[in-house]
Each structure stands twice: as structure tokens, then as C-alpha cells.
Amino acid sequence: MNVLQVRDLTKRHGHKHGLVRAVDGVDLDVPAGQLLAVTGPSGCGKSTLLHLLGGLERPTSGQVWLAGQRVDTAGERALARLRRRSVGFVFQSFHLVEELTAAENVELPVLLAGGSPRAARRRAGQLLDQVGLAHRARRQPWRLSGGERQRVAVARALANEPLVVLADEPTGNLDTAATNEVLRLFADLRAMGQTVVLVTHDARVAATADRLISMRDGVFVDDAWLGGPAGRLGDLFAMGD
Amino acid sequence: MQDAILAMLAKEPSHGYDLGLRLRRALGPLGGSMNAGQVYVTLARLEKAGLVVHERSAGSPDRPDRKVYALTDAGHERVTAWLAEVNRPKPDLVEFHLKLAAASASRLADPVELVDVQRRELLRRLAEAQRAVLAEPEGSTGGLLLEGVALRLEADLRWLEACERVWSRRAEA
């Protein structure tokens, strides 16, 4: 089953040189449980695509379905509800609420979706444990490392059991060790069957996906399957000398 | 070198001297390090292998008789196979560079497509390296080696991006 379906999706932005097609008539099917990476140089339209998928922006034309529900034509209330319940967002700069603890940041979406304080606390505890941060639950974001902050953000994105997690340069502000922390977490999510679409300009991050789409000037120029059989490391060590 | 020379001959029959010039031009600043005699040695080997044949062309007063080399059918087959093959296990920058130049000159293949195929292969390897990196605990020495493998692949991928930019611009021009 496809969690996301996109047909002939186009988004034009006004620009000093006239209209620019940020996304130019793309088609996309994302099956449930897929970890999809979209990569390309800055300005290729990958972030705009992610915003269109999550209902953060409206397309100029074309259609987006999330689990069979039309996103592009949904009304404001339906869209707000969809963003709250069906989609989990992860951003480059974490977007955590600095005044709240890690646990409270994760509880927030549950409460906003109408969950009880008790349900929210239980869910936050469970998720922080899952991302390996149970011992940091009472800390505020500024007392966490970059990798820990992004793991809290991922836990928050999962709070309402979204159909899809949409991540925009999730490792863009992180060093290598912290990047690997977050990538391990995405690998765990994938193992649990969570559908994830992540946008990145970093080839090493993109290479951890099952499938990699390359974008240039608003169109897909390549769509490659990377989830091949593992365990061919002998091959690797012959590389690059 | 053998394959690059064959690919240049696929465009048109040529003198050893012209082939040397074209190779040097394709190699750019690196061309200076190429030994002129290498071309003749290589041509002799290729002829022995039945991949090229030569004819003597009439020389002018200031130029002695020279051999003009041309591809045989077997040579043509070998060029086609070379252009289609993905460079592995280690992508040799010089060979790949010459392959793109030869593909473009001979019009036997689209350089941008060759870049795409190579990129997929590198990405597949990077995916394997990254899976292995993530399976290692942070800070292990095994992880350090994998880190090196991944960084090199990343560098190769960036270079391919530059190749794609330049060759697609040339295709449009």
C-alpha cells in the first residue's frame, strides 16, 4: 500500500527573474515502511516537495494523497488536523520549545491532539526510552547535545503515531558522531516499519535510505534502489586506493 | 590507456602522433606526465591482439611515411563493452575521465549517462559502507576504517557531480 501518492505535482514561486518552478510536475509513490531519501543541490526543490507532502505548502497544481486522503485540496481545519495527527516533522534546527523539558516537548503533540495528560506522559516516557534518552527526560533542550536534541525531536515527531515522518536536513546542524546517532535512530524506525521521507544534500545520509531520488531544477533525475543485499564488505575495502 | 586509444579510433582512423595529442588534450594538465612512446607501444600491442590494423599513408616531403591506425570489428566491440562497463572495484579517476571524453568524441555513449551509472554504483557502495558504519559502536577502530571508506566514496560522488555539471552543459551547447 502507498502511504504517499503524488501526481503531476507542481509548485511555482514568484521570483525576481519571473516564475520559478520549484517542483515541476513530479510523480511519486511511497509504499508503507519505506525509508526514502530525496537529495540534490540547494534550490533543486527538495524542501518544497517535502512541504507539499506534509501540507505545509499548497501546490500550484497536481495532487497529493496521504493514505488515500487528498492533501492538496484539504480545507484549513482538515489540513491542521492532518499535520497534527498523520505527519511527524523533523527539522534541521530541531524546533524544540526551550522552556519545556525533553519529556514535555514530546508530550505536547499528544496533548494538542486531545490526548489526556496521563496518556501524554506515558507516550513520552515510552518514546524517550525508545530513542535512548530516558535519562534526559527532565532536561531542557539547551542542556542536551545536538544529537540528543534531534533525537528528542524525532520522539516528538512520533508522538501521535504518524503515517509518515518527514525530515528536512535532519543532520544538517550535527557533527559526524551526532549524525550517526540520528541515522541509527532512523534505521530503527525503518526496522519498525515506520515510513520516512528525508531530504538531505549529504550523500552519506542519503545512502542510509532504501531508495534515493535525485532532484535537479524541480524534477527527478534519478530514482535508485539502495536496499540491496548487505554483507559485501570485502568489496568495499578494495575501493578508493 | 588501451581502451581510451581504441575509443579515440572509433571516431576516425588516426596517426599515432595525433592520438598522443588527443590523449594529452583529454588529460589536461595531467597530460604532461604521459610518455609519448607509450602510444606507439600500446598501438603495437593492440595490433597484435587484432583490435586495430594500420595502413601506410603517403608522407609529404617534410613528413615521412606514417601508419594510420583503424579499428577492426573486434576493436569496435571492445570499445562498446568498455564504455558500457561500470568501473569497479576501484573507480580510476583518469580512466573514467578518459572514458567520458572518448564517449563524447566518438558519440558512442552519452557521458552524462555514464556518470549516472557510475553514481549509482558508488551510492550502492556508500550505502553498504554506511550500514556497516552504523552497525559499529561509536568510537571503535573498525568504525574508523569504514569512516575512511565512506569519506572516499563521498569525495568520488562529489567529483561525479562536477562531471555531470560540465558534461551536461557541453551537451546543451
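In this predicted model, helix α1 of chain B (residues 2-11) packs against helix α4 of chain B (residues 73-84), with axes that come within 9 Å and cross at roughly 115°. The axes here are lines fitted to C-alpha atoms, for helices over the stretch in contact, and angles run from 0 to 180 degrees between N-to-C directions. α1(B) is therefore roughly perpendicular to α4(B), a label for angles of 65 to 115 degrees. The crossing of α1(B) and α4(B) is left-handed, meaning that the near helix is turned anticlockwise from the far one by less than a right angle. On the α1(B) side, B:Asp3, B:Leu6, B:Ala7, B:Leu9 and B:Ala10 meet B:Gly75, B:His76, B:Arg78, B:Val79, B:Trp82 and B:Leu83 of α4(B) (contact: C-beta atoms, placed from the backbone, within 7 Å). By class, seven of these residues are nonpolar, two polar and two charged (nonpolar: Ala, Val, Leu, Ile, Met, Phe, Trp, Tyr, Cys and Pro; charged: Asp, Glu, Lys and Arg; polar: the others, Gly among them).

Helix α3 of chain A (residues 102-112) and helix α5 of chain A (residues 146-157) pack with their axes 8 Å apart, at an angle of about 25°. α3(A) and α5(A) are therefore roughly parallel, the term for angles under 35 degrees. Their crossing is right-handed, that is, clockwise. Here A:Ala102, A:Asn105, A:Val106 and A:Pro109 of α3(A) meet A:Val152, A:Ala155 and A:Arg156 of α5(A). Five nonpolar residues, one polar and one charged make up this contact.

Turning to chain B as a whole, it contains seven helices and three strands, in the order α-β-α-α-β-β-α-α-α-α from the N terminus (DSSP runs: helices H or I, at least four residues; strands E, at least two). The radius of gyration of chain B is 20 Å, whereas a compact globule of 173 residues would have one near 16 Å (taken over C-alpha atoms; the globule rule is 2.2 Å times the number of residues to the power 0.38). Along the principal axes, the C-alpha atoms of chain B fill a box of roughly 75 × 35 × 30 Å. Of the 173 residues in chain B, 35% are buried (20 or more other C-beta atoms within 10 Å of the residue's own).

Residues are numbered from 1 along each chain as its sequence is written, and chains are lettered from A and ligands numbered from 1 in the order in which they are written. As the model is predicted, local features need pLDDT of at least 70 and side-chain atom pairs count only at pLDDT 80 or more, while totals for chains, interfaces and linings use all residues.

How values were computed:
Buried ≥ 20, exposed ≤ 12 C-beta atoms within 10 Å, placed from the backbone. Parallel < 35°, antiparallel > 145°, perpendicular 65-115°, else oblique. Contact = placed C-beta atoms within 7 Å.
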